[in-house]
There are 2 protein chains.
Amino acid sequence: MHRVEEEIARIIKEIGYKEVEDLFAKLSGGKRLRAKLILKIAPLHPKAPLLAAVVELIHAASLLHDDVIDEAMLRRGTPSVNATEGSKIAVMLGDILYSKAFSELVEFDKEIAKVVSNSVTALSKGEMMDVKMAQTFNSDETNYLDMLYLKTATLIEAAAAASAMLAQKDVASHALFGKNLGLSFQIIDDILDITSDETTLGKPAMNDYVEGKCTLPYIYLYHSLDAAAQERLLLSHAKKITSQEALWIKAQLIEHKSIERSFELALRLSNEAKEAVKEYPELVAILDAMIQRSY
Amino acid sequence: MHRVEEEIARIIKEIGYKEVEDLFAKLSGGKRLRAKLILKIAPLHPKAPLLAAVVELIHAASLLHDDVIDEAMLRRGTPSVNATEGSKIAVMLGDILYSKAFSELVEFDKEIAKVVSNSVTALSKGEMMDVKMAQTFNSDETNYLDMLYLKTATLIEAAAAASAMLAQKDVASHALFGKNLGLSFQIIDDILDITSDETTLGKPAMNDYVEGKCTLPYIYLYHSLDAAAQERLLLSHAKKITSQEALWIKAQLIEHKSIERSFELALRLSNEAKEAVKEYPELVAILDAMIQRSY
């Protein structure tokens, strides 16, 4: 990971704008999940650290724009660039990181550059779908999972596929691994938004529903409720919920096993991912650690 | 140009999201200056229409984000996506167009992909500088021209350089042509913001100064004024100007020949550009047409 951080630092410096260096330094690097994955899949390839740096920059750019879209004031527990510098700077910093990442992608084979740049189109599409879907109560599981795949799984899928290409490993099984890892990671994240408290999350709990995002537990719950209760659930959609209503929704989610069912899907996707890469125990271990996070 | 529009339509369709097709159809294509330039420089190369399409998509993406940054409600005389769909959709549509353009760039030689993707980093840097500079009254000509180069000339410079690479013509002279074309085009645009009326512009006149943008005429004017008049000029900076103050500023701009001096610089840059490509009369003609626009 040391070499990845070095590559990131070099790329940021190469942009040649002090303002960008300062702003980037304030961003939390996060868990660097995508970089770690790339290094695990192509540990020996000399270009793996550069690929990992490129994917992390793309991820950082997508979060900057994500925070503008969600009007998020917190990111990983600290004030977002959107909050401290304003949405204009957040949009432009994102554009700078995206374009610089693309410039670096030119150093790779066409197939690798294509799979990574395509994933950025997919994640931006997913983000737009997310905005559109939050405008009404979406109760369609398939639409929701399609959006989730585009918005949060395609970049991990691309990272896994591109590093498999570098390492000359099987691309399809690694891509499936990345895709299902991304999907189950996000479903667990959606569950934690409901079950964790504000201190753990670094943002208000049940924030998704307040923002209009009907994540999987709410979709399952909706279909388990009678008409009167469905109406009550809809009344709280996309607005600040009273603590009384929050308690009622939580009780319903538990009673109708909506969280359990969501977790089961995450587990099923994760098992499918493990099966795809069963000959690589270090990849299986990533999934096990992720699932444990949810307890 | 017909083949360019076909390539653009194909690329947009390939994104595979009806929402994006509908939104893109509503955008005015504008003058397609960059595409025309590419076709003039590499008229016979089979990949020239694709390069032109890619550059036009990048330009469209940059305008979408530009309108978010400037909170612009009008674009080419009609309501902007930022106005009709909101800034979130404008940011995401821009991201989709940028990333799709980068995916298409993969089809070109590394040098061409690099020069175009680098120009996107440069233009985003320029956009960020523009935001930063509008926060105070900037009276520094060099800083202003540096920002202008990044924000509006680098993409035209890259378009000219990339098409010269395709056509195996001299890259440096074409790049210089593109750079100076972009710079003088923008300086004339800044002059027109002062000298044209709202109907001609499709947006309010003297809007730049209201937005905090000290374009070249204001910078020249500032240095020509005595301390008391400088103070009066500064009082109107970055706010809605009364028609009385607007008249005073215009009178000062004329008296101190600030517009004339700006135009002289545009002319000098344009002549330098013509000199660089003097053996290509079709390129010289582009510059002549541009300068005429300003009368």
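How many residues does helix α6 of chain A have, and how far does this helix reach from its first C-alpha to its last? Helix α6 (residues 87-105) of chain A has 19 residues and spans 27 Å, close to the 27 Å expected at 1.5 Å a residue. The expected span is 1.5 Å times one less than the number of residues. Helices (H or I, at least four residues) and strands (E, at least two) are DSSP runs, numbered from the N terminus.

This is a predicted model, in which local features need pLDDT of at least 70, side-chain atom pairs count only at pLDDT 80 or more, and totals for chains, interfaces and linings use all residues. Residues are numbered from 1 along each chain as its sequence is written, and chains are lettered from A and ligands numbered from 1 in the order in which they are written.

A residue is buried if 20 or more other C-beta atoms lie within 10 Å of its own, exposed if 12 or fewer, and partly exposed in between, with C-beta atoms placed from the backbone. In α6(A), 19 of the 19 residues are buried, so this helix is largely enclosed by the rest of the structure. A:N143, in helix α8 (residues 141-166) of chain A, counts as partly exposed because it has 14 C-beta neighbours inside 10 Å.

Two residues are in contact if their C-beta atoms, placed from the backbone, lie within 7 Å. The table gives the contacts of two residues, leaving out residues up to four places away in sequence.

| Residue | Residues touched |
|---|---|
| B:I38 | B:A48, B:L51, B:A52, B:V55, B:A159 and B:S163 |
| A:N143 | A:M133 and A:N138 |

A:N143 and A:M133 are ten residues apart in sequence and 8.9 Å apart in space, C-alpha to C-alpha.

A nonpolar core is a set of buried Ala, Val, Leu, Ile, Met, Phe, Trp, Tyr and Cys residues joined through C-beta atoms within 7 Å. The largest such core has 195 residues, and A:I38 and B:I38 have the most contacts inside it. Domain 1 (1-30 + 48-107) and domain 2 (119-295) of chain B both give residues to this core, so it lies between them.

The contact between the chains takes 31 residues from chain B and 31 residues from chain A. On the side of chain B that touches chain A, the largest share, 13 residues, comes from α7(B).

A rotation of 180° with 0.0 Å of shift along its axis superposes chain B on chain A (RMSD 0.0 Å). That is the relation of a two-fold axis.

Notes: Least-squares fit on C-alpha atoms with pLDDT ≥ 70 in both. Domains from an automatic or database assignment.
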